[in-house]
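The sequence and the structure are shown here for reference.

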Amino acid sequence: MKQQFPVLFGAITGLLVLFASYFKAPVLQSVSNELLQWRVIVAAFALLLGIANISRIHVNRVSRKDQNTPYSLMLLIVMYGALILGLGYGAQSPQYKFIWDNVYSSLNATWYSTTAFYMMSSAWRGFRVRSVQAGVLMVAAIVVMLSKVGIGELVWSQIPAIGNWIVEIPNTAGMRGILVGSCLGAVGVSLRIMLGLERGHLGGGSK
Amino acid sequence: MSLIEGSLASFIVLLVYAVAAWAFIRSYQGKTEFPIKRLRGLDFIDDALGRVTEMGRPAHFSMGSGELDAQYFAAFEYLKYIAHKAARYDADLIVTNAIPEVQPVTEEIVKSAYTAEGKPDRYKPDNIRYVSVYALRPAVLGAFQREQVAANFMLGNYYHESVIFVEAASSVGAISIGGTTQTAQIPFFVAGADYTLIGEEFYAGSIALSGNVVHFGCLASQELGKYAAIVLTLLGAILATSGNDALIQLMSK
Amino acid sequence: MSGWQKLVNLDVRILWVLLVVALLVPMVNPIGLPLPMKEETKAAFEYVESLTPGSYVLMSVNISPMGEPENWPTAIAMFRHFMKKGLRVILVNTVPEGTMYAERLWKEYGPEGDYEYGKDVVQMPFRAGDESTIASMGADFRGLYATDQYGTPLNQLPIFDDFKDIHDVSLLTEYASTIHPLYYIQQLNAKYNVPTIISIVAVDGPKFMNYYQSGQIEGLLSGVAAGAEYELLAEVPGKAASQMDALALGHALFIGAIVLSNVAWWVTKSKDSVKGGTR
């Protein structure tokens, strides 16, 4: 029952939403719309699960009093502090916006910016021309990079046109191939879920 | 009840796909061997877990920070396989989740694996961590450094963390295996990871690991769909080039 | 250890410092490099130009601080262009961070076009659920959003007087650093034929080129470069153009790093093989 109910529920709701996108039937449409709204609510509630998990792990760490205790304590204070401010004063309040502008935004942008440094290391250490194909890839990458910025035009006036051709023709062809294959795979997974044949996510296995 | 305008072609494609999958499943019933080539990436997973055991260091698994979609269901199969192997070899497995919906699922998968391998006491609930989308990168990098992981499995819906994780794993000497259908991230995996499962390979690998007849049936149907797509693309290109839009009209019905 | 070998084993932190310098210097002292104009940016601009005043634009501001440098200048430039054209703008977001950016958009830039909240522009509250939420926008917009961001029922907001459902939207624009544009294409563009323009971080540009090339979307704005191009086309000078020199030098440094590291690797590799090395 522990496995059958979620599988059955997933199958019924999945099929209802699927058929609603193919058939004109007011009842089907309204049931499907309702289910889509449920998904929105479930997604919001899932956040509570996340908060519970973070709390459990870090409360345990604090109670163990090891070298990471101060970090866990800080995480709990910041997480619940922001939550209380948001709930107490509202997400549009100056108090909450202060945290947003001065802590969250800065940290978030910083983390994304670090990608540039990792890409730099990757460019230096990871990309080695070991074969003719890798050589072609490197030349194409350089031309495309040059074509996207003003430097390319200064190097050679035809670079933007060649770069655009690489992006629009060979690149798009390859992307389409991968996309079609991936979509077929995704349709396969979705069909299995809707027909109640996918159980890999239930832990017990799909065999 | 009638069909919504413009959805006939896609509905027929879906029906054909489903019927083909059903026929393949029927034909595979009772068989234990399936006509599928062994993906090298799966051997790499075994090698990586062997390395984890030899070094006595944990393995790390993450499904990326992307939204919950079909890739996660494929990733669950990988996680199940990796968790079983880790439990069998008495290795620690850390799972870091960016989206809350998958937290209970991953807990259940890893716990079931350790229990099935007769080692429920080796299961550590604190190793299955939810950290939120934007905290995923620092949390995983912190885990790499503090816990000195020996293998880094990046299988799922990845965004820009792909390049960060492969580089950070390399800095602690961990072997990396990447797999995603996110076309923008595949180049980073190819450049930095020790092995990459590209696009549909990612789904095929999960099916190969599942050993499930239903999954193999769907994979065969998927393969058939691919050939149909190739034929339609060629036909469409020839017709469109010669100024005939019959196929476009047909597919828009 | 030879000079080439030293180069192969170079401390990457030196490269990081060079990267910071390459990005910062042109921001302080702009070089004024030429700006190549992409066809897909022009197509987006021309589509907006073709809209009649009063048309509804659904503007999905799925921007987060991490995507801000690439998407935000484009969102500002387009919003200012919408105001010039007198279009009615409905702001939505399906990532929580988008709320702050949507609000900044109409509060900071709305007065420039005398845009009145509730009449010319409106902000919808954040809804979790990603693709399902986007599907709900198409299936039942008024069911998904009973009120605006500030709790006012939709029937009390004049902007919604002529708005029944998604079929009334003349243009959907999405600004994101994630997979959300694909959800919009699947759920609103393909299903309800809503004309769509996508603004995406540069790394995802090639992926969405498929949809532009096939004619499924009206325009594609990839990265901050597209923002700069749009600012130029719409004659709304902004932040993006000022970042283009830094972007160009950053690209040049990456190209230099790839080429130099490979040359060093090849030289050391061939020396090793002459000496009977193991590489």
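## Helices lying across the sheet

In this predicted model, helix 9 of chain C (residues 205–213) lies across strand 5 and strand 6 of chain C, and its direction makes an angle of about 170 degrees with that of strand 6 of chain C. Helix 8 of chain C, which spans residues 180–192, lies across strand 1, strand 2, strand 4 (169–176) and strand 5 (196–200) of chain C, running at about 160 degrees to strand 4 of chain C.

## The six-stranded sheet of chain C

The strands of chain C form an open sheet of six, in the order 3-2-1-4-5-6 and with parallel pairing. Strand 3 (121–123) and strand 6 (219–222) of chain C are the edge strands, each pairing on one side only, and neighbouring strands of the sheet are turned against each other by 15 degrees on average, direction ignored.

Within this sheet, strand 1 (residues 56–62) and strand 2 (residues 88–92) of chain C run parallel and are joined by five bridges; C:Leu58 has C:Ile90, in strand 2 of chain C, as its bridge partner.

## Nonpolar cores

The largest nonpolar core holds 57 residues, of which B:Ile45, B:Phe61, B:Tyr78, B:Ile82, B:Leu93, B:Val110 and B:Phe153 touch the most other members. Helix 3 of chain B (residues 70–88) gives the largest share of this core, with 13 residues, and at least three residues come from each of domain 1 (40–210) and domain 2 (213–253) of chain B.

Apart from this core lies another, of 46 residues, which includes B:Tyr159, C:Phe141, C:Val169 and C:Leu172.

Notes:
Residues numbered from 1 in each chain as written. Chains lettered and ligands numbered in written order. Predicted model: local features only at pLDDT ≥ 70, side-chain atom pairs only at ≥ 80, totals over all residues. Heavy atoms only, no water. Core = buried A, V, L, I, M, F, W, Y, C linked by side-chain atoms within 4.5 Å. Buried < 20%, exposed > 50% of the residue type's maximum accessible area, 1.4 Å probe, protein only. Helix = DSSP H or I, 4+ residues; strand = E, 2+ residues; numbered from the N terminus. Domains from an automatic or database assignment. Pairing = 2+ DSSP bridges. Axes fitted to C-alpha atoms, helices over the stretch in contact; angles between N-to-C directions. Contact = heavy atoms within 4.5 Å.
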